[in-house]
Amino acid sequence: MSSPTGPAANGTFLGMPAVPPRSPYGTGHLRGERTFPRAAHDELDNEQLRRNLGKATHSIRAKRLAVTGELPDWEQLRDAGSAIKTDTMNRLPELLEQLERKVTERGGTVHWARDGVEANEIVTRLVRDTGSDEILKVKSMATQEIGLNEHLESQGIAALETDLAELIVQLADDRPSHILVPAIHRNRDEIREIFLRHIPGVDPALDADPARLAAAARTFLREKFMTTKVAVSGANFGIAETGTLAVVESEGNGRMCLTLPQTLITVMGIEKVLPRFEDLEVFLQLLPRSSTGERMNPYTSLWTGVTPGDGPQEFHLVLLDNGRTAALADRIGRAALNCIRCSACLNVCPVYERTGGHAYGSTYPGPIGAVLTPQLAGMHGAKDDPNSSLPYASSLCGACFDACPVKIDIPSLLVELRHQHTEQSGTTAEKLAMKAAATVMKRPGLFTTAQKAAGLGRVLAGRDGTLSRLPPPLNGWSDSRDTPAPPRQSFRSWFASAEGAAAMRAAAAEGARNTDDAPQEDS
Amino acid sequence: MTATARDTVLRRVRDALTLSDGPEVTVPRAYRTGRTLPDEERLALFVDRLVDYRAQVRTCTAGTTAAVLAEVLRAHGARRTGVPPGLDPAWLAGYDGETVTDSADVPAPRLDALDGVVTASAVSCAETGTIFLDGAAADQGRRALTLVPDLHVCVVDLSSVRTGVPEAVAQLTPEHPITLISGPSATSDIELERVEGVHGPRTLVVVIRTDA
Ligand code: SF4
């Protein structure tokens, strides 16, 4: 590929900085086929999905609150985690080079991939070089994002997911619906059916008891673990200082894949690097407690390059861009790169709880997906790009911000993306917002008054505590009417005033009228 | 001139940072570090957390290690038990089953034929009930050894148990293969119902030596 900014390879002339490209349009899984309101509308009809999701999100939520409440320094850990990630992004070039150097010193090989297509090609080539035509997979969002399994299949290489839920999803030719519990939309009877149909040699008398279903998967996969020569994983963290990689898991399939095959290929987004080994002391507290609500997940594996006589004797690390540098170039949007994929924001989101993960059309669902997906893949890939509806898939209630272990201010990022979207497309934002909100919440009247009024304050107030302009959906209303537009004063004081309250009520009523064409089945 | 993917990605990262430099930060490390607890409290906390994660716990002294290990292995019906090459042979002096010493050239399927495995441990974290195994230590063995057999009996010296995660992480040698274990393998993937032992050992027995 030729460099548009001159011969950067020798490092002497870098020219003007160019805006890095998004993930190429039409590749991987960073864009759905339909807009969020349309997709959500169908998912809302799925009673089972909604019941399962409700149960899952509420139970994980309760566990998370219990174990985070247990730590008196939880807020200090969040502050540290947030700062470490921000610092990491500031120093990304040197940290990536250090990581590369350390991994190489320890006998690993580092590859760089500009986008998912290139990463897929690299992995395919590495697998071919081993002479193998099948691989084992450890659950990994990065490889899902780039559509690695599908690509390998098209190249005659079979990729088998080994995480129980991912296996269920793969066998059923389905898509994950939650970051943490990807098969939560399936119940035990369905899973039994899927196993009976798709696992070769499974006992036909298999019943739907979860323990026996898990045992069937164990038997099926154990043989694969013993015989397959190549595994592909993601990584939760990559430590620049030492070249150490970390995979956090529960079932032991990760340990199997990271230990038994001859060759290990790890695909890691460039944002997953951490500066120091010591930083693990923060993230090993933040991640499990936020994710599964456990004090610690059952297994975490740390490995550095190749260890003679222990584990894979060939190790490849593929560092993936695929739109991450585009996100990094966005002063506000870059915060989305701090995400450690714990899924806490999904579990507290009233919108996600009702729609599930499929409605977002991306590997990354829920509140973080609504900001990360447009950051990585853009919102204007085509007319009516489904990604342009994602920033509206939120009630801006702020629960995600409170839950996030690295303090990503998701509501503000959503508002910023709405600005970017309306500026570039000229769409009436309030219509989109209200439509999305109304579809999801089914009760637009209640939604507009309660949710908006409760949650907007924090978002509107901005960093300096003042408000210059109302964000969508309220900006259309305030721009086009001869009304007392909120003055440049503290939003909270304006909001608390009678004038503010009246303006919000009017906006809410206006919003409700705008959603007349949205589906409603209020009780 | 053709730029490699490496050059391109690194140039993009630098361009991105030129276009939008983030706020300068110093990492505030106000969270708890360097915590210590008296032996008894540390033991109680560790045991509480281990049991909560459904590990089985036994306590013993250095002098009764062999007797307790023999009892544990018998209770679980382990006739063939794998050990890493550097495990103190005195620990299994009271065991009447077959002891199989592991080495790097034993193929993984052979480990599947073991009833269980006994290892030492590098360090533990009381607050989370986590045991850290150092794959480079001769008494803990390569990673496959503690993964494939269905029963893992892990000996922990109370003196190696640290209070919290930072104190435990500080004891590690980063370049060694390290495995953190908190209870037996588990999944909640099917209707959120917890099932133990998907791929790793279904049973984890932690033998804590209170005077070691
Ligand atoms: S945005 Fe925060 S809460 Fe959501 S998945 Fe990422 S780290 Fe977790």
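This is a predicted model: local features need pLDDT of at least 70, side-chain atom pairs count only at pLDDT 80 or more; totals for chains, interfaces and linings use all residues.
**Figure 1. Overall build of chain A.** Chain A contains 23 helices and ten strands. Of its 523 residues, 63% count as buried. The accessible surface of chain A is about 18500 Å², with carbon and sulfur atoms supplying 49% of that area. Among contacts in chain A with a sequence separation of 6 or more, 75% are made by residues 24 or more positions apart.

**Figure 2. The annotated LUD span of chain A.** The UniProt record, an unreviewed entry, places the feature "domain: LUD" at residues 96-319 of chain A. Over residues 96-319 the chain is 42% helix and 21% strand. The end C-alpha atoms of this span of chain A are 9 Å apart.

Figure 3. Most residues other than glycine have a negative phi. A:Asp173, which is not glycine, has a positive phi near 55 degrees. With a relative accessibility of 73%, A:Asp173 counts as exposed, because the threshold for that class is over 50%.

**Figure 4. A:Asn322 in the loop between strand E10 and helix H13.** A:Asn322 is placed in the loop of chain A between strand E10 (314-320) and helix H13 (324-328). The phi angle of A:Asn322 is also positive, near 50 degrees, in a residue other than glycine. The relative accessible area of A:Asn322 is 2%, so this loop residue counts as buried under the 20% limit.

Figure 5. A:Leu413 belongs to helix H18 of chain A, which comprises residues 410-425. At 7% relative accessibility, A:Leu413 counts as buried. Which residues does A:Leu413 contact, leaving aside its neighbours within four places in sequence? They are A:Ile332, A:Gly333, A:Ala335, A:Ala336, A:Val371 and A:Ile408.

Figure 6. Apart from neighbours within four places in sequence, A:Glu190 is in contact with A:Gln48 and A:His185. Between A:Glu190 and A:Thr325 the sequence separation is 135 residues, and the C-alpha atoms of this pair are 41 Å apart.

**Figure 7. A:Arg34 in the segment before helix H1.** A:Arg34 lies in the segment of chain A that precedes helix H1 (36-44). The side of the scale on which A:Arg34 falls is intermediate: at 39% relative accessibility, A:Arg34 counts as partly exposed. When residues up to four places away in sequence are not counted, A:Arg34 touches A:Ala39, A:Asp42 and A:Pro386. A:Asp385 is 351 residues from A:Arg34 in sequence, with 8.2 Å between the C-alpha atoms of the two residues.

**Figure 8. Overall build and extent of chain B.** The secondary structure of chain B consists of five helices and twelve strands. The radius of gyration of chain B is 21 Å, whereas the globule rule gives 17 Å for 212 residues; chain B is therefore more spread out than a compact globule. Along the principal axes, the C-alpha atoms of chain B fill a box of roughly 70 × 45 × 40 Å. Of the 212 residues of chain B, 57% count as buried. Of the contacts in chain B between residues at least 6 apart in sequence, 72% join residues at least 24 apart.

**Figure 9. Surface, charges and annotated span of chain B.** The accessible surface of chain B amounts to about 8100 Å², and 49% of this area belongs to carbon and sulfur atoms. Chain B carries 21 positive and 29 negative charges, whose mean positions are 3 Å apart. In the UniProt record, an unreviewed entry, the annotation "domain: LUD" covers residues 116-208 of chain B. The span of residues 116-208 is 5% helix and 38% strand, and its end C-alpha atoms lie 18 Å apart.

Notes: Residues are numbered from 1 along each chain as its sequence is written. Chains are lettered from A and ligands numbered from 1 in the order in which they are written. Side-chain values use heavy atoms; hydrogens and water are left out. Helices (H or I, at least four residues) and strands (E, at least two) are DSSP runs, numbered from the N terminus. The radius of gyration is taken over C-alpha atoms; the globule rule is 2.2 Å times the number of residues to the power 0.38. Buried means under 20% relative accessible area, exposed over 50%, partly exposed in between (1.4 Å probe, protein chains only). Contact means heavy atoms within 4.5 Å. Accessible areas come from the Shrake-Rupley method with a 1.4 Å probe; for residues, only the protein chains shown count as cover. Lys and Arg count as positive and Asp and Glu as negative; His and the chain ends are not counted. The place of a charge is taken as NZ of Lys, CZ of Arg, CG of Asp or CD of Glu. UniProt positions are given in the numbering used here, feature names are shortened, and annotations may be inferred rather than shown by experiment.
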